[in-house]
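Reader: I would like to go through a protein model feature by feature. Please give the general idea where there is one, then the case at hand.

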Amino acid sequence: MSCPRCGGPVRPPDLMHTDWRCDDDGAVPPLHTARHIGAEILHSTVAGMADAHSGHGRPPSPLWCPWPLLAGWTVTGVAWAGDVHTGVRAATVACSGPDPLAGGPADLVLVAEEPGLGLGNRFAGIPGPDPGALLADAMTEVAPGHAENGVSHAKIRAGGHPTPLWSVKSPTDRSVYVGEARGMWLYAITWPASAGYVLAEDVVLQDLSEWTPAELVFGAPSPYLHGKV
């Protein structure tokens, strides 16, 4: 387990504190990252999320995954933030496949999280606990080929609903798209930056905590869920 905001170690609750704590970020919900990935591990992750969130009276963060998977892509990791006291406050799925432009390897991390958690911003390489200010800037810019602002840079479907995403400023080694789905932030982060063009395809996201396709294909663990960012 680690801190969702910085990736550093966390200390469990003790006699002085009721929350998990990071030395740098204070009280945080612990981030549980599966060391490996496969069908059994994914099912175990979904079960752990359900147990942690039982009795909280609100839906947990969805575990978004492209389905059908993009051509040549595999699922390479899962993680979630929370515990029995806070419920599930964020969840992420990593995938890997071919870069649609450069043709080399590419990675995609999808994050769903409650406002203010900071997990998506960490993967995105941007400061602060949420992308609100950067998203506001992106939404006021006029997109190429359009005469007015507010036009989204990508359109996907999440849980059966059309979901616009906007490209926000980020480090040059990646692309970051942000929107909202089910009342939570939705991030789509790709490495390298050119891999963001996968979102120009007909991308449909399925919540794996509701239904897990038996045909999912798994690959080597994502480096981005294991300390590369």
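Author: We go from the overall fold to peptide bonds, backbone angles and cysteines. The model is predicted.

Reader: How many helices and strands does the protein have?

Author: The protein has 3 helices and 13 strands. Its C-alpha atoms fill a box of roughly 60 × 40 × 35 Å along the principal axes.

Reader: What does the radius of gyration say about the protein?

Author: A compact globule of 229 residues would have a radius of gyration near 17 Å, and the protein has 17 Å, so the two agree. Of the 229 residues, 49% count as buried. Among contacts with a separation of 6 or more, 59% are between residues 24 or more positions apart.

Reader: Now the backbone. Which peptide bond involving Pro68 is cis?

Author: Most peptide bonds are trans. Here, the bond from Trp67 to Pro68 is cis, with omega near 0 degrees. Pro68 sits in the loop between β5 (64-66) and β6 (74-83). Another cis bond joins Trp191 and Pro192, where omega is about -10 degrees. Pro192 belongs to the loop between β12 (184-191) and β13 (204-207).

Reader: What is the phi of Arg182?

Author: Most residues other than glycine have a negative phi. Arg182 is not a glycine, yet its phi is positive, about 55 degrees. Its place is the loop between β11 (175-181) and β12.

Reader: Is Arg182 buried, exposed or partly exposed, and why?

Author: Arg182 counts as partly exposed because its relative accessibility is 43%, and that class lies between the limits of 20% and 50%.

Reader: How many disulfides does a search of the whole structure find?

Author: A disulfide is a covalent bond between the sulfur atoms of two cysteines. The search finds 0.

Reader: Are Cys22 and Cys95 buried or exposed?

Author: Cys22 counts as buried, at 4% relative accessibility. Cys95 is also buried, with a relative accessible area of 1%.

Notes: Residues are numbered from 1 along each chain as its sequence is written. This is a predicted model: local features need pLDDT of at least 70, side-chain atom pairs count only at pLDDT 80 or more; totals for chains, interfaces and linings use all residues. Side-chain values use heavy atoms; hydrogens and water are left out. Helices (H or I, at least four residues) and strands (E, at least two) are DSSP runs, numbered from the N terminus. The radius of gyration is taken over C-alpha atoms; the globule rule is 2.2 Å times the number of residues to the power 0.38. Buried means under 20% relative accessible area, exposed over 50%, partly exposed in between (1.4 Å probe, protein chains only). Contact means heavy atoms within 4.5 Å. A disulfide is a pair of cysteine sulfur atoms within 2.5 Å.
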